[in-house]
Amino acid sequence: MASTETSGPVSGTAGPASATAGKEDGQDLAGLEAGLDALETTARPARTPVRQVLTRKVLPPLTAVLLVLVVWQALVSFDVVDDPSKLPSPSAVWDEVRDAWLAGTLLDYIWTSVSRGLLGFLLALAIGTPLGLIVARVRFIRAAIGPILSGLQSLPSVAWVPPAVLWLGLNNQMMYAVILLGAVPSIANGLVSGVDQVPPLFLRAGRTLGATGLRHTWHIVLPAALPGYLAGLKQGWAFSWRSLMAAEIIASSPELGVGLGQLLENGRNASSMPMIFLAIFLILIVGIAIDLLIFSPLERRVLRGRGLLVKS
């Protein structure tokens with residue numbers, strides 16, 4: 001009787017208490033979710049105003065260019081150089097740009113070299129990526145050809161032009177061969193360095209989750225090695241562009257057309273400093289444009305994906 005009477009009130013009071021506690025837990029959970037949502041919304045980066053982009057990204061390089069032009073014009077105006085023909089004025093170079101534009105050859109110069117450079121770089125990418133993976137993952141192959149890749153990377157690309165001309169002749173295949181020999185070692189070594197920097201914990205975790213063979217390489221190794229691989233790609237493009245310019249300067253033929261390197265050589269043959277400066281500026285502009293349009297966005301995306309992109 002006593003136990004029965006006691007259990008009745010207890011059970012009667014436990015019902016409202018448990019309901020109240022459940023309601024409070026639900027409110028706490030809802031508040032926690034709202035707080036996490038607010039935190040996520042706050043942490044989401046806001047869109048940078050156009051004025052701030054212009055001030056921080058556009059204005060500094062424009063100021064540097066204007067400063068170079070002012071110093072350049074001052075050197076010409078005050079006759080700092082003994083022979084005026086050795087340093088043309090900015091207006092003389094601009095006249096050369098205008099003449100090439102009116103003649104319809106300016107874009108041809110640029111496209112001839114850019115198309116060769118990009119195609120050669122893509123071929124080097126297709127060869128250097130699997131080569132770098134094999135060298136990084138197979139010890140025997142790494143011991144055998146790893147030092148050779150490092151030696152080829154330090155070899156000046158201009159050294160490959162004479163044998164490439166003798167092997168393949170004066171044609172586009174010779175140009176692509178020089179680009180490959182200059183860019184493949186850089187891409188492969190960049191990927192090897194990236195793989196070497198992958199934490200062993202990532203590799204063990206991938207195997208534990210069942211990623212083996214090609215799946216392990218594609219889903220674990222390559223994403224983890226992406227920063228080093230991207231650095232190798234940037235260096236590989238630099239070697240591709242320099243190799244192409246060396247090949248165009250040394251090997252000239254009507255069948256090859258006139259690229260930027262050939263334009264530079266034509267200016268030397270004609271003793272035209274404005275044409276030489278035009279070729280130099282176009283080579284520089286193309287290199288900067290490729291970096292800003294391709295490699296810088298890729299680098300920002302990789303850094304942002306790893307939480308390493310710090311807004312200044």
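The following dialogue examines how terms are assigned in this predicted model.

Tutor: Local features here require pLDDT of at least 70 and side-chain atom pairs count only at pLDDT 80 or more, whereas totals for chains, interfaces and linings use all residues. Residues are numbered from 1 along each chain as its sequence is written, and side-chain values use heavy atoms, with hydrogens and water left out.

Student: What makes up the secondary structure of the protein?

Tutor: The protein has 12 helices and 0 strands. Helices are DSSP runs of H or I with at least four residues, strands are runs of E with at least two, and both are numbered from the N terminus.

Student: Why is α11 called roughly antiparallel to α12?

Tutor: Helix α11 (residues 260–269) and helix α12 (residues 273–305) pack at an angle of about 160°, with their axes 8 Å apart. Angles run from 0 to 180 degrees between N-to-C directions, and the axes are lines fitted to C-alpha atoms over the stretch in contact. Angles under 35 degrees count as roughly parallel, over 145 as roughly antiparallel, 65 to 115 as roughly perpendicular and the rest as oblique. Therefore α11 is roughly antiparallel to α12.

Student: Which residues of α11 and α12 make the contact?

Tutor: Contact means heavy atoms within 4.5 Å. Among the residues involved are Leu260, Leu263 and Leu264 of α11, and Met275, Ile276 and Leu278 of α12.

Student: How do the residues of this contact divide into nonpolar, polar and charged?

Tutor: The contact of α11 with α12 has 11 nonpolar, 2 polar and 1 charged. Ala, Val, Leu, Ile, Met, Phe, Trp, Tyr, Cys and Pro count as nonpolar, Asp, Glu, Lys and Arg as charged, and the others, Gly among them, as polar.

Student: Why does Ser271 count as exposed?

Tutor: Buried means under 20% relative accessible area, exposed over 50%, and partly exposed in between, with a 1.4 Å probe and protein chains only. Ser271 has 65% relative accessibility and so counts as exposed. Ser271 is placed in the loop between α11 and α12, and has a positive phi of about 55° although it is not a glycine.

Student: Why is Leu226 described as partly exposed?

Tutor: Leu226 is partly exposed because its relative accessibility is 30%. Leu226 lies in helix α10 (residues 226–250). Not counting residues up to four places away in sequence, Leu226 touches Val302 and Arg306.

Student: What share of the residues of the protein counts as buried?

Tutor: Of the 312 residues, 33% count as buried.
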